[in-house]
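Student: Hey, I've just opened this one and I'm new to it. Can you walk me through it?
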Amino acid sequence: MSTTKGLEGIVATTSSVSSIIDGVLTYHGYNIDDLADNATFEEVVYLLWNNKLPNKEELETFTKELAQASTVPQEVLDQLRSFPIDQVHPMAALRTAVSNLALFDEEADEMTEEANRRKAVRLQAQLPTIVTAFARIRQGKEPVAPKQELSFAANFLYMLNGEEPDEISEKAFNKALVLHADHELNASTFTARVCVATLSDVYSGVTAAIGALKGPLHGGANERVMAMLNDIGDADKAESYIKEALENKTKIMGFGHRVYKDGDPRAKHLREMSRQLTDITGESKWYDMSVKIDEIVTNEKGLLPNVDFYSASVYHSLGIEHDIFTPIFAVSRVSGWLAHILEQYENNRLIRPRAEYTGPDKQEWIPLKDRK
Ligand SMILES: CC(C)(COP(=O)(O)OP(=O)(O)OC[C@H]1O[C@@H](n2cnc3c(N)ncnc32)[C@H](O)[C@@H]1OP(=O)(O)O)[C@@H](O)C(=O)NCCC(=O)NCCS
């Protein structure tokens, strides 16, 4: 038996949701660059779930469906209030709340395609409500109910801050959501597919995926990038900080990628957004420092920034608390998880690989009383 550590390069399924071919990312054949420049997040979600861009009428109907599904059961909001606020990371709160949503959904275990699609709409719509409610509750504020007439991106910022965002913030946030929506068989999406391939329910798949996204080698990297920028404090200090970290074999968050070796196509969009937004906030030091780190890591290690690197200074510039960065990733990526979950159900087979055994052989049983 031969093993491939981390399943690198292993093709584990077919999928028509998104592709990474020769370093180009597409969602169902649409280049991410075109989508980032032109699409609303709602259009992208529709595309991922239906394998086609919506026409005007389909988009209106879908947007309305999402808006109407965004209210979270009161019991789930009340449970958020009961968490030990000071020690709970928002990703842990989100993971628990999504699992809790299933308990209040009569269709949770209904496995027809129609029921699964209705649950997908509810999950997509309710994740932003949960993330923003938790962010406010821990500040001693009341959650803000979503406004049905606002876009998905604007609504998130509205529910978070209690006031409608300006156009620049809305556009930037929309673009960030589009860029994070799907990414072939990344770790959390694979987790979701493994989970539902046992014919477990949609909520279990999404809950498992949130757990996988939370880790620092995946979605948790964006929050840690901001922590690093804070630690460094100034572009002049970047060189010594990064060189020392590399000497100590510390991973630089926001760099490197399992699949892209010539650069992550999403990073350039976030870099430009970071430049523009930090210019507007008057805090271009975050962009300058990021560019400096980018140069040093590229020169020293040949590693390029991934989606998480510049998204840190983008979200910071939008006034978002740093531990909400990864939950925002989840708010977007749940669209991809759901697309893959629906695809998995359509043509399911249990996912059950093998392990090469490396433990001892032929051990003799020792009764408890004789064990040392
Ligand atoms: C993304 C990531 C998990 C991919 O991991 P991977 O495909 O298993 O790559 P490896 O960890 O095997 O890396 C190969 C080499 O590059 C080094 N490397 C990879 N990413 C690095 C980073 N961010 N900083 C420093 N060194 C890094 C590894 O230490 C390893 O070096 P070695 O051969 O001397 O041991 C990895 O690049 C990483 O940890 N990045 C930082 C976390 C991050 O930004 N995650 C978000 C991904 S979108």
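Tutor: Let's start with the ligand and then look at a helix and a few single residues. Keep in mind that this is a predicted model.

Student: Okay, ligand. Which residues come nearest to the ligand?
Tutor: There are 17 residues around the ligand, and the ones that come nearest are Lys251, Ile252, Gly254, Phe255 and Arg258.

Student: What classes of residue make up the shell around the ligand?
Tutor: The shell has eight nonpolar residues, along with five polar and four charged ones.

Student: And what is 2.7 Å from a nitrogen atom of the ligand?
Tutor: That's a polar backbone atom of Ile252. For Gly254, a backbone N or O atom lies 2.8 Å from an oxygen atom of the ligand. Arg258 uses its side chain instead: an N or O atom there is 2.7 Å from an oxygen atom of the ligand.

Student: How much of the ligand does the protein bury?
Tutor: The protein buries 66% of the 840 Å² that the ligand exposes when taken alone.

Student: Which pocket does the ligand take up?
Tutor: The space taken by the ligand is the largest pocket.

Student: New topic: helix α2. Why is α2 described as largely enclosed?
Tutor: Helix α2 covers residues 41-50, and eight of its 10 residues are buried, so the rest of the structure largely encloses this helix.

Student: Which residues of α2 are buried?
Tutor: They are Phe41, Glu42, Val44, Val45, Tyr46, Leu47, Leu48 and Trp49.

Student: What follows α2?
Tutor: Asn51 does, and its phi is positive, near 60 degrees. That's a positive value in a residue other than glycine. Asn51 is found in the loop between α2 and α3, where α3 spans 56-68.

Student: Is Asn51 buried, exposed or partly exposed?
Tutor: Asn51 has a relative accessible area of 36%, so it counts as partly exposed.

Student: What about Lys362, what's its phi?
Tutor: Lys362 has a positive phi of about 45 degrees, although it is not a glycine. You'll find Lys362 in the segment after α16, a helix that runs over 325-346.

Student: Buried or exposed, that Lys362?
Tutor: Lys362 is exposed, because its relative accessible area is 76% and the cut-off for exposed is over 50%.

Student: Let's jump to Ala209. Where is Ala209 found?
Tutor: Ala209 is found in helix α10, residues 202-213. With 0% relative accessibility, Ala209 counts as buried.

Student: How far apart are Ala209 and Ala192?
Tutor: In sequence, 17 residues separate Ala209 and Ala192, and in space they are 5.1 Å apart from C-alpha to C-alpha.

Student: Which helix does Ile296 lie in?
Tutor: Ile296 lies in helix α14, made of residues 285-301. Ile296 counts as buried because its relative accessibility is 8%, and buried means under 20%.

Student: How far is Ile296 from Ile242?
Tutor: Ile296 and Ile242 are 54 residues apart in sequence, with 7.4 Å between them in space, C-alpha to C-alpha.

Student: Last one: where does Gly220 lie?
Tutor: Gly220 lies in the loop between α10 and α11, and α11 is 221-232. At 1% relative accessibility, Gly220 counts as buried.

Student: And how far apart are Gly220 and Ile130?
Tutor: Gly220 and Ile130 are 90 residues apart in sequence and 18 Å apart in space, C-alpha to C-alpha.

Key. Residues numbered from 1 in each chain as written. Predicted model: local features only at pLDDT ≥ 70, side-chain atom pairs only at ≥ 80, totals over all residues. Heavy atoms only, no water. Near = heavy atom within 4 Å. Polar contact = N/O pair within 3.5 Å; in protein donor to acceptor, adjacent residues only side chain to side chain. Areas by Shrake-Rupley, 256 points an atom, 1.4 Å probe, with all protein chains shown as cover. 1 Å grid on protein atoms, 1.4 Å probe; cavity = no way out; pocket = protein on both sides within 12 Å on 5 of 7 lines; lining within 4 Å. Sits in = over half its atoms within 2 Å of the grid points. Nonpolar A, V, L, I, M, F, W, Y, C, P; charged D, E, K, R; others polar. Buried < 20%, exposed > 50% of the residue type's maximum accessible area, 1.4 Å probe, protein only. Helix = DSSP H or I, 4+ residues; strand = E, 2+ residues; numbered from the N terminus.
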